[in-house]
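Student: Hey, I've got a new model to look at and I'm a bit lost. Can you walk me through it?

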Amino acid sequence: MSENQSPVKYFLAGGLGGVCTVLVGHPLDTIKVRLQTMPLVKAGESPLYRGTWDCAVKTVQKEGFKGLYKGMSAPLTGVAPIFAISFLGYGLGKKIFAGNSEAELTKLQILYAGAFSGIFTTSIMAPGERIKCLLQVQDSAKKVQYNGPVDVIKKLYSEGGIRSIYKGTCATLLRDIPASGMYFMTYEVIKEALTPAEKQDTLGQKLLIAIPAGGMAGILNWVVAMPADVLKSRLQTAPEGTYPNGLRDVFRKLMAEEGVPALFKGITPVMVRAFPANAACFIGLEFGFMILNWIAPNL
């Protein structure tokens, strides 16, 4: 992570990193959500999708390549504030857990600071994830229920008010708090391990280090986040009244009908996506800092 940058630069550079993440990773995110939410297979029937590749092929055949980018406008619109708040939350968390000490933070303190940042992002992530998932599971070959993010918001609000829009907030917190801690700690550990002893401060070196450090941070983030993400996707895409007790009902039904493996449905596209998408995020972040430091060094 770049040091000694202003909050404004964190916001702008983090926003650029988020845009890079969405552009690179959204197609596989769409596949992940479709695999997570596809109907259960009845006796004698074939599954809707036999796996990641089959889901991708069927989506492109039915809807074209644009089908893989369904629902992208919602996360793309929110990435700047989400990533800004995430990075700012992480910075604030580092100050809180460092206390009055000037010593370098331990890896455990970095984990706590990263987890703290997950709380900050949920207020924006929860409704954005709800909108994104509802758009992603739509099949263009059938009657389309929503005509875009604004239409989703209008219909959700008319059906259940603001609570409907924020459905899945607890599940998002359950996913993002531990996963964010793992995300930032992994990035810092790998970055430190790969930075040469002389600590040359060149952009090329930063970008090269950002690729493995950011990529592995993304992978370990999803190892932690995946079970909660499956529960969140099912809760957020289910018709109103399906799960009256919320996340507990989702978990009970999933375990009773499908067992533990269902908590990792969609993990293949997630893992394929995680490395390049998060490497792109940190490359965008570092590049954003370079541009901002050049254009407005005193910002």
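Student: What share of the 299 residues in the chain is buried?

Tutor: Buried residues make up 49% of them, with buried meaning under 20% relative accessible area, exposed over 50% and partly exposed in between (1.4 Å probe, protein chains only). Keep in mind that this is a predicted model, where local features need pLDDT of at least 70, side-chain atom pairs need 80 or more, and totals for chains, interfaces and linings use all residues. Residues are numbered from 1 along each chain as its sequence is written, and side-chain values use heavy atoms, leaving out hydrogens and water.

Student: OK, and how many helices and strands are there?

Tutor: There are 9 helices and 0 strands, taken from DSSP runs (H or I, at least four residues, for helices; E, at least two, for strands) numbered from the N terminus.

Student: New topic: which residues form the nonpolar patch on the surface?

Tutor: That's L92, I96, F97, L108 and Y112, with about 440 Å² of accessible area together. Areas come from the Shrake-Rupley method with a 1.4 Å probe, and for residues only the protein chains shown count as cover. Patch members have over 30% relative accessible area and no salt bridge (a Lys or Arg side-chain nitrogen within 4 Å of an Asp or Glu carboxyl oxygen); nonpolar side chains (Val, Leu, Ile, Met, Phe, Trp, Tyr) are joined within 5 Å, like charges within 9 Å.

Student: Which helix gives the largest share?

Tutor: α3, with 3 residues. Both α3 (73–98) and α4 (107–136) supply at least two.

Student: And why does F97 count as partly exposed?

Tutor: Because its relative accessibility is 33%. F97 lies in α3.
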